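Student: I have a model open and want to learn how to read its features. Where should we begin?

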Amino acid sequence: MRNQEYSILKSFAVLEETPGVPGLDLPGLDIASVARGFGCRAVGVETTGDLEREFKAALSGGTTTVIVVPTQPQKAML
């Protein structure tokens, strides 16, 4: 799930009354490239059809697969 931030730590910071902690926004983090660097197959999807196709391919691929799914940032429920 790619939401461009470290949401759980942002929520925890608010809970601990320390909002604005630096380093929790992660724009441009290329999760697929990181996964490939660890030897995984990596793909990005944009639609539910893409996700279904890539999930089926991952199940039969014979290797570790990372499927990057874009999501909207939201506060974690703590």
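Student: In which sense do strand 1 and strand 2 pair?
Tutor: This is a predicted model. Strand 1 (residues 41-44) runs parallel to strand 2 (residues 65-68), and four bridges join the pair. Arginine 41 has threonine 65 as its bridge partner.

Student: How many Å should helix 3 span?
Tutor: Count 1.5 Å a residue.

Student: Which residue takes a positive phi just after helix 3?
Tutor: Glycine 62 does, at about 75°.

Student: Now the pockets. What shows where empty space is left?
Tutor: A probe the size of a water molecule, rolled over the atoms, shows it. Here, the largest pocket holds about 150 Å³ of space. Its lining includes Glu5, Ser7, Lys10 and Ser11. Val14, Leu15, Gln74, Lys75, Ala76 and Leu78 are also among the lining residues. By class, four lining residues are nonpolar, three polar and three charged.

Student: Where is confidence lowest, and where is it highest?
Tutor: Read pLDDT for the chain, then by element. The protein chain has a mean pLDDT of 92, with 100% of its residues at 70 or more. Confidence is lowest in helix 1 (residues 7-15), with a mean of 89, and highest in strand 2, at 98.

Methods: Residues numbered from 1 in each chain as written. Predicted model: local features only at pLDDT ≥ 70, side-chain atom pairs only at ≥ 80, totals over all residues. Heavy atoms only, no water. 1 Å grid on protein atoms, 1.4 Å probe; cavity = no way out; pocket = protein on both sides within 12 Å on 5 of 7 lines; lining within 4 Å. Points joined across faces, edges and corners; volume = space filled by probe spheres on them. Nonpolar A, V, L, I, M, F, W, Y, C, P; charged D, E, K, R; others polar. Pairing = 2+ DSSP bridges. Helix = DSSP H or I, 4+ residues; strand = E, 2+ residues; numbered from the N terminus. pLDDT = per-residue confidence, 0-100. Expected span 1.5 Å × (residues − 1).
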